[in-house]
Amino acid sequence: MTEPAKFADYLELTKPRLSALSVLTALVGYLAIRPWAGWVTFLSVLVGTSLAAAGVAVLNQLMEADTDAGMRRTAERPIPSGKVASGSAFVLGWGMCLGALMLLYALVNGRATLYALLTMVSYLALYTPAKRRSRWSTEIGAVAGALPPLIGDAAAAGHTTSLGLVLFGLMFFWQIPHFMAVAWTYRKDYAAVHFPMLPVRDQSGRNVARWSLVATVLLVVLSLLPVLRRQDTVWYGITALLAGLWMLWRAVDFLRAEGRDRSARRLFLASIAYLPLALSALVADRLIAF
């Protein structure tokens, strides 16, 4: 007799750490707008994006249960391990996604709801299938991962602002070196389930490292646009530049064939540190100086 699923199993199904990233970037998009739209809208964005991110994570794992079962690092996830039934995941995932859209439409606005819907569609209908078929799956996924700041931006402003578009671009280019480093580290797992992503196809790692470097350069340049457009002060610019140069250093080190596995892990850690440094500096600068 199969044991009933535990709360911890359902929580794991929502990928809480990855979902938290989407929620936090949506809140950054909201807090960066001055003046903002108030606490009720803020809390609605918090709950709505949490439901949307969790629901998408559940449905993604449902769609990838077969490939998750074929990789060591994902074989023990709730669905392939049998801890959560597929039917339960289906109901939970769609319930969360629909609840998120209804909440955002009722308490926020249509533009924010549209961006939430685009995030769901791009992740589930484009990125998830592309992982099995396309070398460009990481870039397609980066579009989905870059949309949450626009949810917060639209929620606060009622429309899409230029700062919101900068945040979209910043999130897009940040994801390239971040996930290239991850995919290079776990390339054998991805090859085992025949995911044709760049780190699987490029066995030398040269093109993986070059694309990571190009994206990091574009990230650093884009992060300084708010200062050049006078949307943020030089204090944010200094923080973003220093954090960006640190990440750029790690991306350059990733170019070296010798010790590339170690360099990939260091680039991954640098990317993890970069995002909260840059985004918290941007929000703090907007709240204090404007």
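# Close-up views of a predicted all-chain model

The protein chain exposes about 13600 Å², and carbon and sulfur atoms supply 67% of that area. Accessible areas come from the Shrake-Rupley method with a 1.4 Å probe, and for residues only the protein chains shown count as cover. This is a predicted model: local features need pLDDT of at least 70, side-chain atom pairs count only at pLDDT 80 or more, and totals for chains, interfaces and linings use all residues. Residues are numbered from 1 along each chain as its sequence is written, and side-chain values use heavy atoms, leaving out hydrogens and water.

**Figure 1. The whole chain.** The secondary structure comes to 15 helices and zero strands. Helices (H or I, at least four residues) and strands (E, at least two) are DSSP runs, numbered from the N terminus. The radius of gyration of the chain is 19 Å, close to the 19 Å that the globule rule gives for 290 residues, so the chain is as compact as a globular protein of that length. That radius is taken over C-alpha atoms, and the rule is 2.2 Å times the number of residues to the power 0.38. Along the principal axes, the C-alpha atoms fill a box of roughly 60 × 55 × 30 Å. Buried residues make up 52% of the 290 residues. Buried means under 20% relative accessible area, exposed over 50%, and partly exposed in between (1.4 Å probe, protein chains only). Among contacts with a separation of 6 or more, 73% join residues 24 or more positions apart. Contact means heavy atoms within 4.5 Å.

**Figure 2. Val-45 and its surroundings.** Val-45 lies in helix H3 (residues 39-63). Its relative accessible area is 0%, so Val-45 is buried. Leaving out residues up to four places away in sequence, Val-45 touches Ala-26, Leu-27, Tyr-30, Ser-50, Leu-104, Val-108, Gly-152 and Ala-155. Leu-101 is 56 residues from Val-45 along the chain, and their C-alpha atoms are separated by 11 Å.

**Figure 3. Helix H7, enclosed.** Helix H7 spans residues 137-146; eight of its 10 residues are buried, so it is largely enclosed by the rest of the structure. The buried ones are Ser-137, Thr-138, Glu-139, Gly-141, Ala-142, Ala-144, Gly-145 and Ala-146. What covers them includes helix H6 (110-133), helix H8 (148-157), helix H9 (162-185) and helix H12 (206-223).

Figure 4. Gln-175 is found in helix H9. At a relative accessible area of 7%, Gln-175 is buried. Which residues does Gln-175 contact, leaving aside its neighbours within four places in sequence? They are Gly-141, Ala-142, Gly-145, Ala-146 and Met-180. The side chain of Gln-175 reaches the backbone oxygen of Ala-142 at 2.8 Å.

Figure 5. The whole structure holds six salt bridges. A salt bridge is a side-chain nitrogen of Lys or Arg within 4 Å of a carboxyl oxygen of Asp or Glu. Lys-131 pairs with Glu-64, the closest N and O atoms being 3.1 Å apart. This pair links distant parts of the chain: Lys-131 is in helix H6, and Glu-64 is in the loop between H3 and helix H4 (65-69), 67 residues apart. Both Lys-131 and Glu-64 are buried. Asp-68 and Arg-77 meet in a salt bridge at 3.3 Å, N to O. Asp-68 and Arg-77 are also buried. Arg-135 forms a salt bridge with Glu-139, with the closest N and O atoms 3.3 Å apart. Arg-135 counts as buried at 16% relative accessibility, and Glu-139 counts as buried at 8%.

**Figure 6. A nonpolar patch on the surface.** Val-234, Trp-235, Ile-238, Leu-241, Leu-242 and Leu-245 form the patch, with about 610 Å² of accessible area together. Patches are made of residues with over 30% relative accessible area and no salt bridge: like charges are joined within 9 Å, nonpolar side chains (Val, Leu, Ile, Met, Phe, Trp, Tyr) within 5 Å. Ile-238 lies in helix H14 (residues 234-253). Ile-238 is partly exposed, at a relative accessible area of 39%. An α-helix has 3.6 residues a turn, so residues three or four places apart point the same way.

**Figure 7. Two loop residues with positive phi.** Lys-15 is not a glycine, yet its phi is about 45°. Lys-15 sits in the loop between helix H1 (7-13) and helix H2 (16-31). At 15% relative accessibility, Lys-15 counts as buried. His-194 has a phi near 65°, a positive value in a residue other than glycine. The loop between helix H10 (187-192) and helix H11 (198-201) holds His-194. His-194 is exposed, with a relative accessible area of 64%.

Technical notes: A polar contact is a pair of N or O atoms within 3.5 Å; within protein, one must be able to donate a hydrogen and the other to accept it, and residues adjacent in sequence count only if both atoms are side-chain atoms.
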